[in-house]
Amino acid sequence: MKKIIPALILFLALSASGEAFDFMIAPTRQAASMDWWYAVPEGFTPQINLVSSVAKGEYFNVIPFFKNYGTTSNGHTHITYDIEVLRPDGSIDESLKHCDGHKGAASPPNLLAARAVMRLCFDPEDPYGEYTINITAVDHVSSQTNRQTVVIEQKEFILKTLTTEERDDLFSSYPTTPNPSLALASFLQTEHSFIDEDGNPLWSAIWFFKTVFENNDFLTPHLLKAFADGTPKQQKDIILVFILMDRTADLPTLPSNFKGFEQAMKAGRTPNPYAEITTGSQLDMLWAEYFATGRIQPIRQLTSSLNLIKHQGILDQIKAGELNIEDPEIFRIGRLEAVFQSALWSLRSNCEQSPLLFPYCVNILDAEELEGSAQRVLAMLLQSIAEKQKGVTP
């Protein structure tokens, strides 16, 4: 069994208090960076999505969450834990001692996420079946020990057939309930092209799948199998996503009728979503990254485009004939206002649909990371959304 133990940032969330030291084990596919936990400000409840089964080669995270821990007179706690993973036959697959639960300031009865998160995937030789995860946690301040167990099953990969509604819902639900296997199914079963009529990639869709596949290498063999058995559309889609991942060397020798397509896609320019935002394509890529990862970083970058409010009104002046659209500078500024309007609309729309996004935007607003004009626009937008959600007329 492969393992990775990154050090994580601490976030505190309200939990019911009690006397005995306790914790829960959370197996999850959610990102090990835990933005979904620590970037959600106080007043919002982070969503923990548990999983009970994974495919062979698929990484998942095992996170202990501690409660009812003791603290010293200066408000510090010290928790460590041991973890043991047992195969279906009861033999030890993995065992680690003295992992970092938490050491430092804490505020009971708030819930603590472990600083050390076990990131696991099953090896090729590991059998299918149920694996038992035992964790023994020690609260060194209160001198209490607690042991918990959870079971996760390794299943054979199955390519599920999705309905159109399930494919549509995948994007909005993915930040909080990621499922790479369903993403692959959606990619292969999408009827519409990932290339627009001008021959450019549809960044809002293809960048989502590229990001998921890049972060889940266990899907690569299934993509290659789909390429061998797929329709011409599926084969083109797979070529495109491998080009974007810079992994065309992993593809088999392409038939001659795909050579021209490959060259045309390689010749195209891939926008940089983390450069200064001047195009709608960058917004599409940032949204795709957010939905594929549940990370706050693309939202930080996206909200920086609200600075483009300084160009507001140009489009109305062009429409009224007060400014000449044929003037290159007027055309450029008009496009920048269009990008601003698109960013504003998409933030509003997605905040109302994605439960993780609104807290992220509040986090960014509270941190005062944006320039003055963008900060003000984001504040007014969030106030408007909050009032609408409460049924209050602004």
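User: Which residue is the bridge partner of Asn61 in S9?

Analyst: In S9, Asn61 has Arg119 as its bridge partner. The model is predicted: local features need pLDDT of at least 70, side-chain atom pairs count only at pLDDT 80 or more, and totals for chains, interfaces and linings use all residues. Residues are numbered from 1 along each chain as its sequence is written, and side-chain values use heavy atoms, with hydrogens and water left out.

User: How do you know that S5 and S9 pair?

Analyst: Strands are DSSP runs of E of at least two residues, and helices are runs of H or I of at least four, numbered from the N terminus. Two strands pair if DSSP finds at least two bridges between them. Three bridges join S5 to strand S9 (residues 118-121), therefore the strands pair; they run antiparallel.

User: Why is the pair of Phe171 and Phe209 called edge-to-face?

Analyst: The structure holds 22 aromatic pairs. In the pair of Phe171 and Phe209, the centres lie 5.9 Å apart and the planes make 75°. Rings of Phe, Tyr and Trp (its six-membered ring) pair if their centres lie within 6.5 Å; planes under 30 degrees apart count as stacked, over 60 as edge-to-face and the rest as tilted. The pair is therefore edge-to-face. Phe171 lies in helix H2 (residues 164-173) and Phe209 in helix H4 (residues 203-215), 38 residues apart.

User: Are Phe171 and Phe209 buried or partly exposed?

Analyst: Phe171 has a relative accessible area of 24% and is therefore partly exposed. Phe209, at 1%, is buried.

User: What makes the pair of Phe187 and Phe194 stacked?

Analyst: Their ring centres are 5.5 Å apart and their planes stand at 15°, so the pair is stacked. Phe187 and Phe194 are both buried. They belong to one aromatic cluster that also includes Phe171, Tyr174, Phe208, Phe209 and Phe213.

Conventions
Buried < 20%, exposed > 50% of the residue type's maximum accessible area, 1.4 Å probe, protein only.
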